[in-house]
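Here is a friendly walk through one protein model and its ligand. Please keep the 3D view open as you read.

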Amino acid sequence: MAHTRHVAVVVGSLRKESFNRKLAKALIAMAPAPLSLEIVEIGQLPLYNQDDDPAPPPPSVAFKQRIASADAVLFVSPEYNRSVPGVLKNAIDIASRPYGKSAWDGKPAAVITLSPGAIGGFGANHALRESLVFLNMPALQQPEAYIGGAADMFDESGAIKKPETKQFLEKFLAAFAAWIERTAKAPA
Ligand SMILES: Cc1cc2nc3c(=O)[nH]c(=O)nc-3n(C[C@H](O)[C@H](O)[C@H](O)COP(=O)(O)O)c2cc1C
């Protein structure tokens, strides 16, 4: 049997009622074995400052450790101005430094963007993928996940309303699980 794969879920919105956070919670609830998903928070992080590299602030150190201990990373994010929200980019920068000591290096990744708009955060999804290339994170290619219609996606309990959306996400998670098995480093 495959080892449990601990997946850090990084949500690119700090909004209390964030649709992306609701989606992350729904994914956590539906994740198939061997995946174990957990949100790693980014709202407490200071702004990245390269001057801090020799002694980063404690929240940055703790965040970087959480990412380093994960087997894989799932980004669930809105699109801001056709790109990656600043809070998410900040978190990515924090765990990427000092140079040569990135916590992201080699970790399998997947990207889901969710927006109330029709194009489902396509711009943010691909802008984020550009960073994943440099960060050396093998990213799941298919299925792509640009999800629109966020405002009508969840019921009051946070459950996903449409069965076809749920089925798509199940397919996505199964593909990500297979991708992790193909690309993750062997557990220590
Ligand atoms: C600063 C800002 C920029 C935005 N830019 C975009 C955009 O480029 N594309 C888009 O589809 N939605 C855009 N939106 C709308 C967000 O998709 C919407 O606020 C969404 O609910 C944010 O995700 P969340 O619910 O997870 O917080 C923007 C929102 C903000 C606050």
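## The sheet and its ligand

Strand β1 (residues 5–11) and strand β3 (residues 72–77) run parallel and are joined by five bridges. Within this pair, Val 7 stands opposite Ala 72 of β3. Strands here are DSSP runs of E with at least two residues, helices are runs of H or I with at least four, and both are numbered from the N terminus. Two strands count as paired if DSSP finds at least two bridges between them.

A word on the model itself: it is predicted, so local features need pLDDT of at least 70 and side-chain atom pairs pLDDT 80 or more, while totals for chains, interfaces and linings use all residues. Residue numbers start from 1 along each chain as its sequence is written, and side-chain values use heavy atoms, with hydrogens and water left out.

Now to the whole sheet. Five strands make an open sheet with parallel pairing, in the order β2-β1-β3-β4-β5. Its edges are β2 (35–39) and β5 (146–147), each of which pairs on one side only. Helix α4 (residues 122–134) packs on the sheet and touches β3, β4 (109–114) and β5; contact means heavy atoms within 4.5 Å. The direction of α4 makes about 160 degrees with that of β4, where axes are lines fitted to C-alpha atoms, for helices over the stretch in contact, and angles between N-to-C directions run from 0 to 180 degrees.

| Residue | Protein atom | Distance to a ligand oxygen atom |
|---|---|---|
| Arg 15 | polar side-chain atom | 2.7 Å |
| Arg 82 | backbone N or O atom | 2.7 Å |
| Ser 115 | polar side-chain atom | 2.6 Å |

Taken alone, the ligand exposes 620 Å², and the protein buries 70% of that; these areas use the Shrake-Rupley method with a 1.4 Å probe.

Arg 82 sits in the loop between β3 and α3 (86–96), and its phi is near 65 degrees, a positive value in a residue other than glycine. A cis peptide bond joins Ala 33 and Pro 34, with omega about 10 degrees. Another cis bond joins Gln 142 and Pro 143, with omega about 0 degrees.

Note on methods
Polar contact = N/O pair within 3.5 Å; in protein donor to acceptor, adjacent residues only side chain to side chain.
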